Amino acid sequence: MNAANLPALEQARFNMIEQQIRPWVPLDATLSDALYALRREQFVPAAQRALAFSDLEIPLVIDGIDSNQVMLAPKIEARLALALDLKPSDCILEIGTGSGFQAALLGRLGQQVLSVEIDPRLAAFAQQNLQQNQVGNVKVETGDGRSGWGSTEYDAILLTGSVPVVPDALKYQLRIGGRLVAIVGQHPVMTACRITRTTAATFETEPLFETIIKPLRGATVSKFKF
């Protein structure tokens, strides 16, 4: 790709992927193609659209009302998607829909995504974004998914907000061989972890990288102090 000949919008997208994401995330062709194909700017609230390709979290202000939630920085979105190690046949559960962009990205990498959002305004905003971008394999449902959602087992589960600990109920919604990715801890110490269900009753946890993001809506913060 000759970046010098790109229109301004595509130049900004190119810079986001090649200068922000790729130095930090070992992109494969599938994830790279997905990031180029998805119109990230169309998932950003209109008032923040100029920030669509910036290396920062974008506040989700819907119709002038601050949801107190954010779109994660592009490199975090990409790295979380990569950490799930998705296959085209995978069915995915996402807890925390936000703008819908992360779900759309997962939908490009897997077969089907069910995304659960606790805030009805955000759920409606995400659903609108997904429909406008013709993302047909992502379903958004409204509710509190912190302690699991339904009884289906999934190949992959992503939590888009941090949690003090990963609830057992979510881990047991993994199929054997399934992967759950979450950012675990409390400010100022959080670690992105991948939990793999190895047998019906056993799990392996692998720390991936350190970062800090907002807590999952409704996640309980421990009051214990040393």
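A residue counts as buried when its relative accessible area is under 20%. The model on screen is a predicted one.

Start by selecting F101. At 1% relative accessibility, it falls under that cut-off and therefore counts as buried.

Next, show F43, which is buried because its relative accessibility is 0%. The ring centres of F43 and F101 are 5.5 Å apart and the planes stand at 75°, so this pair is edge-to-face. F43 belongs to the loop between α2 and β1 (58-62), while F101 is in helix α4; 58 residues separate the two.

On the α3 side, select E77, A78, L80 and A81; on the α4 side they meet F101, Q102, L105, L106 and L109. By type, the residues of this contact are 7 nonpolar, 1 polar and 1 charged.

Move on to R79 and W24. The charged end of R79 sits over the W24 ring, 4.5 Å from its centre. W24 counts as partly exposed, because its relative accessibility is 29%.

The whole structure holds 3 aromatic pairs. W24 and F209 form an edge-to-face pair, since their ring centres lie 5.2 Å apart and their planes are at 75°. W24 is in the loop between α1 (8-21) and α2 (29-37), and F209 is in strand β9 (residues 203-210), 185 residues apart. F209 is buried, because its relative accessibility is 8%.

Key
Residues are numbered from 1 along each chain as its sequence is written. This is a predicted model: local features need pLDDT of at least 70, side-chain atom pairs count only at pLDDT 80 or more; totals for chains, interfaces and linings use all residues. Side-chain values use heavy atoms; hydrogens and water are left out. Contact means heavy atoms within 4.5 Å. Helices (H or I, at least four residues) and strands (E, at least two) are DSSP runs, numbered from the N terminus. Ala, Val, Leu, Ile, Met, Phe, Trp, Tyr, Cys and Pro count as nonpolar, Asp, Glu, Lys and Arg as charged, and the others, Gly among them, as polar. Rings of Phe, Tyr and Trp (its six-membered ring) pair if their centres lie within 6.5 Å; planes under 30 degrees apart count as stacked, over 60 as edge-to-face and the rest as tilted. Buried means under 20% relative accessible area, exposed over 50%, partly exposed in between (1.4 Å probe, protein chains only). A charge sits over a ring if NZ of Lys or CZ of Arg is within 6 Å of the ring centre and within 35 degrees of the ring normal.
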